[in-house]
Amino acid sequence: MKAERKRLSESDGATSVLVVLMGFLVGTILVALVGKNPLNMYKALFQALSGYNIDNGRMNVRYIAETLNYSVPFILCGLSMGFANRVGLFNIGGEGQYIMGLTLAQTVALLGPQIPVLHWVLAILAAIIIGALWGGVVGILKAKYEVSEVVSTIMLNYVALYLSRIICLQLPGATTYKTANFPKTALIENTFFQAITHNSLLNNGIFMMIVAVIIYWFIMEKTSLGYGMRATGFNKDAARASGIPVVRSISISMAISGAFAGLAGGIVALGSFKYGRVLAGMDNYGFDGIAVALVGNCTALGTTLAGLLFGLLKNAQALMQGKQIPKEITFIIQGLIVIFIALRSALKLYQEYLDKRQLQKEVGVK
Amino acid sequence: MSMILGMLPSILMIVAPILITAIGGMICEKAGVVNIALEGLMAIGACTAAAAHVLMEASGMNHSLSLFLALAMGFVTGGLFSLVHAVAAINLNADQTISGTGINLLSSGVTIFASQILFNSDRTREFRMGMQTDALGIYPTAYIALVVVLLSWFVLYKLPVGMHLRACGEHPGAAESVGINVKKMRYWAVFTSGVLAGLAGGCVVLTQTIQYTSNTINGRGFIALAAVSFGRWTPLGVTGAALLFGTAQAFAIIANNIPALKVLPTEVFNILPYMVTLAALVLFSGKNYAPSAAGKPYEKGAS
């Protein structure tokens with residue numbers, strides 16, 4: 001039994017790698033088809049990964065740091081999606097929870113008490129809490145009123161976007177696209193990172209992300225809360241019958257799910273920008289988090305690796321554009337990866353077909 | 001009252017594409033497949049129509065013919081991309097939300113990638129002239145939407161094929177047992193939702209803007225999806241829901257000209273349709289109107 005489970009988990013990881021490779025393969029073919037050199041795409045990716053520019057042989061660690069920094073919101077939004085997914089919910093609302101986190105962090109940064117450390121801690125906490133509330137509402141709507149979480153999260157994404165604009169336009173120094181600069185005490189910059197990475201934007205958010213990953217792993221694998229949630233996800237009726245409070249379980253897990261996305265918003269607001277943004281559109285970290293979680297099979301380690309991959313793709317965009325490769329190829333690769341994940345069930349069907357054949361053969365021989 | 005009449009053409013302009021898409025989504029769910037890729041399919045249709053119209057316009061083609069062909073191409077590409085969802089959902093029993101999300105992500109890349117290749121820019125080139133309004137100030141898209149609604153009602157409720165389609169969404173096992181080909185029926189339903197979403201995307205771009213950008217569709221497909229549940233999976237209900245959302249959106253534009261409403265930020269009106277949907281979903285919860293097999297893969301022979 002144990003050996004079998006191990007085999008299964010390994011094959012899940014292997015499928016993810018396969019799916020990613022197929023996404024890249026089709027993306028490469030597409031680039032070649034439109035008459036561009038796919039090698040340039042991989043040069044850009046390699047530079048974003050290692051900091052080494054193959055064309056002129058120069059090394060710049062800044063690229064590595066930027067890749068890491070881009071990964072942070074991807075990983076957190078992936079955890080958000082993954083957490084909900086374990087209870088059998090599809091949280092498309094990561095984007096809205098992220099936007100609310102970002103908005104509240106900006107608000108506290110501009111209006112909060114300018115006391116060192118306390119200031120940014122308050123801003124990040126505000127982001128986490130509002131994310132949790134924004135997600136928790138979905139859980140309550142789902143558990144109490146049976147409103148499909150797919151529809152309600154999509155609606156809440158747009159409510160969040162416009163609400164964010166209303167709030168941010170009232171903040172000090174607001175123009176149509178930005179607010180006044182944040183006070184120094186609100187920033188989560190890390191001067192050590194800046195010194196060793198040629199002023200990259202890598203900031204303390206990465207530590208918060210690591211803590212979040214550990215918390216995710218701990219709740220999922222080591223606590224009865226995680227057990228109850230997973231049981232709810234596998235079979236709602238069985239969970240109810242064995243005394244797990246399903247309504248509470250769903251609401252709490254949506255709230256925790258939202259907290260991860262809210263944290264992502266807070267980190268991007270205070271780490272990657274020096275001023276508040278009045279959003280004109282979505283940042284899409286929340287949507288991409290869906291793909292991140294799916295590639296990572298919703299495990300802590302898998303989601304982290306998938307988030308790093310997405311951070312790499314995002315950081316490579318500008319480099320690709322500089323090499324005449326349309327940067328949108330990265331979106332295409334991401335979309336293809338998700339589609340291949342959906343098609344993954346074909347593998348299961350194929351396995352069933354093989355098993356059936358095998359069985360028929362054995363019976364036939366007898 | 002005259003104010004609302006004055007608003008009517010712009011309301012219809014906004015409602016038409018949402019309604020066309022929502023009817024497609026409704027047909028798809030009636031057959032048992034949930035299609036959250038509507039947003040992406042609209043984007044693909046819009047990009048195709050915009051690009052086709054610009055290129056044909058530049059080649060000096062007759063204006064009406066060019067518009068018609070552009071819409072037709074949006075129609076076809078929307079249908080082609082929806083087949084990805086069909087294969088995943090119907091043949092491979094994939095999670096329908098995942099494959100829909102995949103198409104949505106893919107479309108945001110494919111459309112802009114195509115613009116980069118065709119026009120060396122992150123948007124399609126501007127066309128000179130889109131669709132023109134008739135004597136009443138109404139765009140032809142409103143009439144297209146009307147035809148789509150009436151046709152969907154007629155097919156779904158008055159023809160045997162419509163009843164078969166609905167059976168596939170309510171109880172596919174029973175449908176199969178009386179000789180209905182469930183998979184084929186679901187294929188047609190998904191394809192229909194794809195072509196309608198593609199057509200609607202073309203309608204958006206040819207009436208409301210002058211080019212395709214990553215912001216052109218901006219959630220219209222998702223609103224259509226909500227209109228399906230809000231309208232309780234009936235053509236009349238979906239039409240009402242789409243009208244409500246469209247009016248709320250039109251209001252956001254028109255409120256700028258009304259002094260009493262000018263004090264409120266336009267975003268308040270932008271939020272309206274989404275809040276209304278949420279409130280409606282909560283208020284009308286309790287009884288589930290959704291087709292009972294929607295979203296569930298169907299395996300022949302499995303109970």
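Guide: Contact here means heavy atoms within 4.5 Å. The model is predicted, so local features need pLDDT of at least 70, side-chain atom pairs count only at pLDDT 80 or more, and totals for chains, interfaces and linings use all residues. Residues are numbered from 1 along each chain as its sequence is written, chains are lettered from A, and side-chain values use heavy atoms, with hydrogens and water left out.

Visitor: How many residues does the contact take from chain A and from chain B?

Guide: It takes 42 residues from chain A and 42 residues from chain B.

Visitor: What is the area buried between chain A and chain B?

Guide: About 3,700 Å², with carbon and sulfur atoms giving 81% of it. Buried area is the accessible area (1.4 Å probe) that two parts lose on being put together, summed over both. In chain A, the residues that lose the most area to chain B are A:Met155, A:Tyr158 and A:Tyr162, together 17% of what that side buries.

Visitor: Why is the meeting of A:Arg165 and B:Glu267 called a salt bridge?

Guide: The term requires a side-chain nitrogen of Lys or Arg within 4 Å of a carboxyl oxygen of Asp or Glu. The side chains of A:Arg165 and B:Glu267 meet at 2.7 Å, N to O, so the pair qualifies. Between chain A and chain B the count is one salt bridge.

Visitor: What does A:Leu76 touch?

Guide: Not counting residues up to four places away in sequence, A:Leu76 touches several residues, among them A:Met209, A:Phe260 and A:Ile267.
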